[in-house]
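Hello,

Here is the structure I said I would hand over. My notes follow below it.

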Amino acid sequence: MYYFINMTEQKQPEIKFVEGIVADAVEDVVYRMCPMHLMRLEERMKELKKGQILELQTDYEGALADIPDWCRKTGNELIGVEDTGEFFKFYIKKTVD
Amino acid sequence: MFRVYLDHMATTPLDREVLAAMLPFLENSFGNPSRMYDLGAEAKEAIERARESVARLINASPNEIIFTSSGAEANNLAIRGLAKANQNKGMHVITSEIEHHSTLNAFRSLQKEGYVVTFLPVNSYGEVSVEKLESAITDRTTLVSVMLANYEVGTLQAVKEIAEIAHEKGALVHTDAVAAAGNIPVDVKELGVDALSISAHTMYGPKGVGALYLREGLRIVPLIYSGIQEEGRRGGTENVAGIVGFGKAAELALRHLDKVEKVRWLRDKLIEGVLEVEKVELTGHPEKRLPNHASFIVESVDGEALMMALSFEGIYMGNGTACISQVLRASPILLAMGYPSQRAQCSAIFTLGRETTKRDIEYVLSKFPGVVAKLRKISPLWDG
């Protein structure tokens, strides 16, 4: 069964748009299908040390809701998002071990 | 009746070892590889082992292999997926006139969507013109796709040289290696290609499974949308048994590559014998061709009629690419090579396999002249 969620009824997380952030690691999941952005995010964050930053590249618009949610649940910090026009760059700082 | 199968470009028999490897995944190990319980995990592990074998065959890394439903899907994914992923850089793409229909039609679909497509011509041996590529390619070209070996005439293309020219202009390179893989060594690094298509059923594997090699770090827009299968690049529950069979077929293909010289020797005996019949001409390049491939124009003998008449003698050969031969009488590949339409209908293709024996070739040569003579007798075109 498929569930259609009306995003407008949900509380949208506040997203800070940034540019020029230098990351310690880059993960490119542009054109990869959902939920690869969350799977790779989880995998890559495990590899990073506390204080390091991951740049996650994705064209999936749902990530604008999923990644802030994931950060809130795991306690990591979403520094912000850069919109290149073609895809998004999410900057996530590992703040918990 | 004695049977000789010489149509290995159309498909190959399933190797018994391949079938044995597949059977458990059609019976007890039927789990969905996306499930984390043991039944799913064993299917997932089997897929990953197959991915390693397929990668090894073409000197790639396992994470560079995307399993598909066929060589045709691999070609479609490479062409449409890479063109779409790079369309911000440009909308000019290049291919050749003698590609498989899965390539030609994928490019035609892009043409309808506003891409500019250059179809490179070939010479009388079926070699793609490198000079024409050099003059057609621009900084706005994003993709060049030229097959490694042609199905109908066996000619090998200068893919390495083509890749160097394309890369100088910043274009990506795809090659359709369905006809080549398993018959000659194929090395993606040596060729310098960014993407390469292969298929299981032309190397003693099952039908319904192919693969696209995609160089690590490249983006591709999917053809089939779903979820996490194939790392989010090709949706749909995996054809586990088929993929396992492909893995085994790839392993065997690598092991049997040393049989190439025996196959070439038999192929040369076949060519020598067939050319003894009057007004028969070899098509394709005499040396730069697949070692298992012998193709001819048999003057005044319709290719389809010859194929059927030989099948009544237990000899199975081809008269064109299997999937189009029922529709088009004159081979578009021979037409592109400059043959007139009437002669392009007289195509005869024999493709050997690793199980082909000297006895098989002798049998074909014992029947071929008589069958040709009989068909010529009833041919309105034959004036001999």
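A:E43 and A:R40 both sit in helix α1 (residues 36-47) of chain A, three residues apart, which is about one turn of the helix. Please keep in mind that this is a predicted model. The side chains of A:E43 and A:R40 meet in a salt bridge, at 3.6 Å from N to O. A:R40 is buried, with a relative accessible area of 14%, while A:E43 is partly exposed at 39%. The pair belongs to a network of salt bridges that links A:E27, A:R40, A:E43, A:R44, A:E47 and B:E231.

Chain A

Chain A has two helices and four strands, and from the N terminus on its elements run β-α-β-α-β-β. Of its 97 residues, 42% are buried. Among the contacts in chain A with a separation of 6 or more, 67% are between residues 24 or more positions apart. The accessible surface of chain A is about 6,100 Å², and carbon and sulfur atoms account for 50% of that.

Where the chains meet

On the chain B side, 17 residues are in contact with 13 residues of chain A. The two chains bury about 1,200 Å² between them, 54% of it on carbon and sulfur atoms. In chain B, the residues that lose the most area to chain A are B:R219, B:I228 and B:E231, together 50% of what that side buries. Two salt bridges are found across this interface. B:R219 has a salt bridge with A:D28, at 2.8 Å from N to O. B:E231 is part of the network described above.

The two domains of chain B

Chain B is divided into domain 1 (4-12 + 258-377) and domain 2 (16-255). Their centres, taken over C-alpha atoms, are 27 Å apart. In this pairing, 34 residues of domain 1 are in contact with 31 residues of domain 2, and the two domains bury about 2,600 Å² between them, 57% of it on carbon and sulfur atoms. On the domain 1 side, B:T12, B:I333 and B:R354 lose the most area to domain 2, together 22% of what that side buries. The count of salt bridges between the two domains is one. B:K288 and B:E127 also meet through their side chains in a salt bridge, at 2.8 Å from N to O.

Nonpolar cores

The largest nonpolar core has 74 residues, and those with the most contacts inside it are B:I58, B:F67, B:L196 and B:I198. Helix α9 (residues 240-255) of chain B gives the most to this core, nine residues. Domain 1 and domain 2 of chain B both contribute residues, so the core lies between them. A second, separate core has 28 residues, including B:L6, B:L270, B:A348 and B:V372. As for B:L196, residues that it touches include B:I58, B:H174, B:V186 and B:Y213, not counting those up to four places away in sequence.

Other salt bridges in chain B

Over all chains, the search finds 26 salt bridges. In one of them, B:R215 pairs with B:D194, the closest N and O atoms being 2.9 Å apart. B:R215 lies in the loop between β8 (210-214) and α8 (229-232), and B:D194 in the loop between α7 (188-191) and β7 (195-199), so the pair ties together parts that are 21 residues apart in sequence. B:D194 is buried at 2% relative accessible area, whereas B:R215 is partly exposed at 34%. B:R267 and B:D268 form a salt bridge too, with the closest N and O atoms 2.9 Å apart. Here B:R267 is buried, at 3% relative accessibility, and B:D268 is partly exposed, at 35%.

Regards

Methods. Residues numbered from 1 in each chain as written. Chains lettered and ligands numbered in written order. Predicted model: local features only at pLDDT ≥ 70, side-chain atom pairs only at ≥ 80, totals over all residues. Heavy atoms only, no water. Core = buried A, V, L, I, M, F, W, Y, C linked by side-chain atoms within 4.5 Å. Buried < 20%, exposed > 50% of the residue type's maximum accessible area, 1.4 Å probe, protein only. Domains from an automatic or database assignment. Contact = heavy atoms within 4.5 Å. Areas by Shrake-Rupley, 256 points an atom, 1.4 Å probe, with all protein chains shown as cover. Buried area = accessible area lost by both parts, 1.4 Å probe. Salt bridge = Lys/Arg side-chain N within 4 Å of Asp/Glu carboxyl O.
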